Amino acid sequence: MLKTNATKSYIEENNEKRELLNKENLKLYEDLLLYIRTDLRIAEREGEELLLELLDHLLIAQQDGKSASILFGDDPRTYAEELISGLPSEKKRKAIPFILSQVASSLAWFGLILGLVHLILPRFVEVRDVISLGNLMILAVAVIMFSGLGVNVIFKLMRSTLFKEKKEQRRAYWKAGLFGAAGMALIMLVTWIAPDFGPNLDLEWWVYLVSGGVFFLMSKLLQRVSN
């Protein structure tokens, strides 16, 4: 998301003040921080402002010998949801650079992986160099769709581990790994069954790598704009 100078200032101040928390309060506060920051619906500036206010209140409570559980209650997840419900939504125009950077990043990985496949695999098995434009576009769309879904799923899994014991966190990590493996298998299936249509392209391995590099640079530029 687009970060204003005020937002950056809030984040930097938060990073500095968070070092003053004791171990117990830091764990609970950082769970709350991640829970709010990984909710892409809310306006980032207002979210960071709220997090800083909460941190200030927590530091005062800590000086008085109180723990974060006293401030956030017995159910911090419900407390966080109540806070989120009172925050404004992020404007769509501010989200566009972030979304485009994720699309460019997905295409960059797509190009780099294809380039490595066409560079390495021919040494061991026969790999078809010719690919139809239609097939290539279907594969690219599949990668973009899975990447978009992947960000959403990973954020949800990450949020599900917060305010919980490490044992439940490990389960979420396993789920994320299985999701990634299933996604790669699905993309390979799409590659296998997608019909050939459109003009045929005879692309060398370096073309894929160069394309991936270009999209990688685009993603970094868009991330800089969004940050």
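A: A salt bridge here is a side-chain nitrogen of Lys or Arg within 4 Å of a carboxyl oxygen of Asp or Glu. The model is a predicted one.

Q: How many salt bridges by this rule?
A: The count comes to nine.

Q: Ok, which residue does aspartate 31 form a salt bridge with?
A: Lysine 27, with the closest N and O atoms 2.6 Å apart. Aspartate 31 and lysine 27 are four residues apart in helix H2, so about one helical turn separates them.

Q: And is aspartate 31 buried or exposed?
A: Buried, because its relative accessibility is 7% and the cut-off for buried is under 20%. Lysine 27 has a relative accessible area of 40%, so lysine 27 is partly exposed.

Q: What about glutamate 13, what is its salt-bridge partner?
A: Lysine 17, with 2.8 Å between the closest N and O atoms. Both sit in helix H1, four residues apart, which means a separation of about one helical turn. Glutamate 13 is partly exposed at 28% relative accessibility, and lysine 17 is partly exposed at 22%.

Q: Where do glutamate 49 and arginine 45 lie?
A: In helix H3, four residues apart, about one turn of the helix.

Q: Where is aspartate 39?
A: In the loop between H2 and helix H3, the latter covering 44-63. Aspartate 39 counts as buried, at 6% relative accessibility. Leaving out residues up to four places away in sequence, aspartate 39 touches Ile84 and Arg159.

Q: Switching to packing: at what angle do H1 and H2 pack?
A: About 160°, with their axes 12 Å apart. H1 spans residues 5-18 and H2 spans residues 23-37. Angles over 145 degrees count as roughly antiparallel, so H1 and H2 are roughly antiparallel to each other. H1 passes H2 in a left-handed crossing.

Q: Which residues meet there, H1 against H2?
A: From H1, Ile11, Asn14 and Arg18; from H2, Leu26, Tyr29, Glu30, Leu33 and Arg37. By class, that contact has four nonpolar, one polar and three charged residues.

Technical notes:
Residues numbered from 1 in each chain as written. Predicted model: local features only at pLDDT ≥ 70, side-chain atom pairs only at ≥ 80, totals over all residues. Heavy atoms only, no water. Axes fitted to C-alpha atoms, helices over the stretch in contact; angles between N-to-C directions. Helix = DSSP H or I, 4+ residues; strand = E, 2+ residues; numbered from the N terminus. Parallel < 35°, antiparallel > 145°, perpendicular 65-115°, else oblique. Left-handed = near helix turned anticlockwise from the far one by under 90°. Contact = heavy atoms within 4.5 Å. Nonpolar A, V, L, I, M, F, W, Y, C, P; charged D, E, K, R; others polar. Buried < 20%, exposed > 50% of the residue type's maximum accessible area, 1.4 Å probe, protein only.
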